[in-house]
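Me: I am new to reading protein structures. Please show me one and take me through it feature by feature.

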Amino acid sequence: MPSTNPVSDQFAILPIRMPAVPSFPTTAVHEIRIRRNSPNVPTPDDSRSLFLKNVPADSTEAHFRAVFTALVGAGRFETIKFDDETTTALAVDPAHAVNVTVLARKRKRADLEAEELAREEEAARLPEIWTRRLHRSSGTAVALLADEKSVQLVLKAIAKLQKTKKYPVWGDNVGDDVPPLGPAWVSSHLQLCRVDKAVTQKAVHAFFNAFNRKEKEAAEMAKRLRNEPDEDGFVTVTRGGRTAPASRTEAEEAKQKMVDKQQKKKAEMKDFYRFQLRERRKQEQAALIRRFEDDKRKVNAMKEKRGKFKPET
């Protein structure tokens, strides 16, 4: 049974009524916890998104579209992103293994390259062997709504459910958008496992072509970085020997930084010992006495000169 408190740990509780199934012929209530999305790294869509916790394992976008439609009507829900969804077919990107210390230059054909990468990833994706993916238990997701007002309406509708007890029914108004689970789901999986050899081989070749290209780009990037001096003016030594700096100007700038760093370090170590501190204070005191005596002599000389002054008559 759902708890009577609509808010727990700043989460609003959304009760979902689970219909009976042949394997469990009893209705149950599943609690989904919802709050405003506030990630560690803010995004422009945070104000119109909701963070969901404890989502059902068989969740799909169609399920949540139907749930939000039952709460606030159609047109408020846009999409949902589950935490265990894969975002790319190339799970390993060798270019990311390089410790890049300089920013990459912007390319003129960014849009065309993005489209090419999308086609490349699509070609490298293996055929699906499941008609419907299940999520891990007690997973999380982020639901994107139309605007900030939709977020407020959803939270208000969830608060009213505790009084009306008219919980949304899981799977209602989904229709044929979601393939069924159970024996039909397993049977289709067994059929899809017998994929076409030519299609699979084509996807594997596309994956390795993309991987080799990225690996080559990573090696070229590492080679360029080896030719540039670091902040201390040194160049990375590799098995093939030390290479020359990228340019004379960069080498001179790095050398000047090294000299400044050494001078700063030397100044910090100047009064490291106690006797050095005493000697420096004595020298400063002697210098102050000398300046005082000099000023005193100058004042006496000015006084004597003023006493001997006789105006003309």
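Me: Is Asp46 buried or exposed, and which side chain of opposite charge is nearest?
Reply: Buried means under 20% relative accessible area, exposed means over 50%, and partly exposed lies in between (1.4 Å probe, protein chains only). For charge, Lys and Arg count as positive, Asp and Glu as negative, and His and the chain ends are not counted. A salt bridge is a side-chain nitrogen of Lys or Arg within 4 Å of a carboxyl oxygen of Asp or Glu. Asp46 is buried but has no salt bridge. Its nearest side chain of opposite charge is Arg48, 9.2 Å away. The model is predicted: local features need pLDDT of at least 70, side-chain atom pairs count only at pLDDT 80 or more, and totals for chains, interfaces and linings use all residues. Residues are numbered from 1 along each chain as its sequence is written, and side-chain values use heavy atoms, leaving out hydrogens and water.

Me: Where is Asp46 in the chain, and which side chain makes a polar contact with the Asp46 side chain?
Reply: Helices (H or I, at least four residues) and strands (E, at least two) are DSSP runs, numbered from the N terminus. Asp46 sits in the loop between strand 3 (28-36) and strand 4 (49-55). A polar contact is a pair of N or O atoms within 3.5 Å; within protein, one must be able to donate a hydrogen and the other to accept it, and residues adjacent in sequence count only if both atoms are side-chain atoms. The Asp46 side chain has one of 2.5 Å with the side chain of Thr43. Contact in general means heavy atoms within 4.5 Å. Leaving aside neighbours within four places in sequence, Asp46 is in contact with Asn37 and Pro39.

Me: How many salt bridges does the structure hold?
Reply: It holds nine. Take Arg33 and Glu31, whose side chains meet at 3.4 Å, N to O. Arg33 counts as partly exposed because its relative accessibility is 22%. Glu31 counts as buried, at 14%.

Me: Which distant parts of the chain does the pair Arg132 and Asp58 link?
Reply: Arg132 forms a salt bridge with Asp58, with the closest N and O atoms 3.7 Å apart. Arg132 is in the loop between helix 2 (110-124) and strand 6 (139-145), while Asp58 is in the loop between strand 4 and helix 1 (61-72), 74 residues apart. Arg132 is buried, at 8% relative accessible area. Asp58 is partly exposed, at 21%.
Reply: Now another pair. Arg76 forms a salt bridge with Asp147, at 3.8 Å between the closest N and O atoms. This pair also links distant parts of the chain, 71 residues apart.

Me: Which residues form the nonpolar surface patch?
Reply: Patches are made of residues with over 30% relative accessible area and no salt bridge; like charges are joined within 9 Å, nonpolar side chains (Val, Leu, Ile, Met, Phe, Trp, Tyr) within 5 Å. Areas come from the Shrake-Rupley method with a 1.4 Å probe; for residues, only the protein chains shown count as cover. Here Leu126, Val204 and Phe208 form the patch, with about 260 Å² of accessible area together. Phe208 is in helix 5 (residues 197-226). It counts as partly exposed because its relative accessibility is 45%.

Me: And what about the chain overall?
Reply: It has seven helices and eight strands. Buried residues make up 22% of its 313 residues.
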